[in-house]
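Please look at the sequence and the structure shown here, and keep both at hand while reading the paragraphs that follow.

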Amino acid sequence: MALVRWDGSREIDSLQSEMNRVFDAFFGSGARSAAESRSRRWVPPMDLVEEGEELVLRADLPGVAEEDVSIEIKDGTLQISGERRSEIKDDRDGFVRVERAYGSFARSLTLPEGVEAEGVRADFDRGVLEVRIPKPKERLPHKVAIGGGETAALNGSATEKS
């Protein structure tokens, strides 16, 4: 077995090469065509925090107009969707590298059971969407009495239990 002297600069070069590979894989290498840029998926980041009696969802939507955002609640799921439109012209004058993604997006969040959809509010300010979701009221268990030997109503008629 051959011994190789450890060289820290080799490790740094290797790390730099790996970071460049990851960066190029994510953003693409060199200048992109408009068609290539359109195919890249944009997923806006979101935070969900608990503030008092509400759940607060904040989504960073820079460059998205308020009219390009849709918020829907269906079957216990909150869905935020929209589109960030491209600012790139097809003639590509002056562009060397395009890294900012754009296009349609959709993010979904399963709401806790019992959330009142009518109480959900949303604001859009300086590229940040804030959705306030009231926490569901705590549901107490319903106690059911056992009626052994008592008369029970069945289909509108009284019968004796045995």
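The model is a predicted one, in which local features need pLDDT of at least 70 and side-chain atom pairs count only at pLDDT 80 or more, while totals for chains, interfaces and linings use all residues. Residues are numbered from 1 along each chain as its sequence is written, and side-chain values use heavy atoms, with hydrogens and water left out.

Strands (E, at least two residues) and helices (H or I, at least four) are DSSP runs numbered from the N terminus, and two strands are said to pair if DSSP finds at least two bridges between them. By that criterion E2 and E7 pair in the antiparallel sense over 7 bridges, and E7 also pairs in the antiparallel sense with strand E6, residues 121-125, over 5 bridges. Asp 125 has Val 128 in E7 as its bridge partner, and in the hairpin of E6 and E7, with 2 residues between the strands, Arg 126 takes a positive phi near 50 degrees.

These pairings belong to an open, antiparallel sheet of 4 strands in the order E1-E2-E7-E6. Strand E1 (46-51) and E6 stand at its edges with a single partner strand each, so one side of each is left without a neighbour in the sheet. From one strand to the next the twist averages 20 degrees, taken between axes that are lines fitted to C-alpha atoms (for helices over the stretch in contact), with angles from 0 to 180 degrees between N-to-C directions.

E7 is largely enclosed by the rest of the structure, because 5 of its 7 residues are buried; buried means under 20% relative accessible area, exposed over 50%, and partly exposed in between, with a 1.4 Å probe and protein chains only.

Not counting residues up to four places away in sequence, Leu 61 touches Trp 42, Pro 44, Val 69, Phe 105, Phe 124, Gly 127 and Leu 129.

Confidence is expressed as pLDDT, the predictor's confidence in each residue, from 0 to 100; its mean over the chain is 78, and 67% of the residues reach 70 or more.

How values were computed:
Contact = heavy atoms within 4.5 Å.
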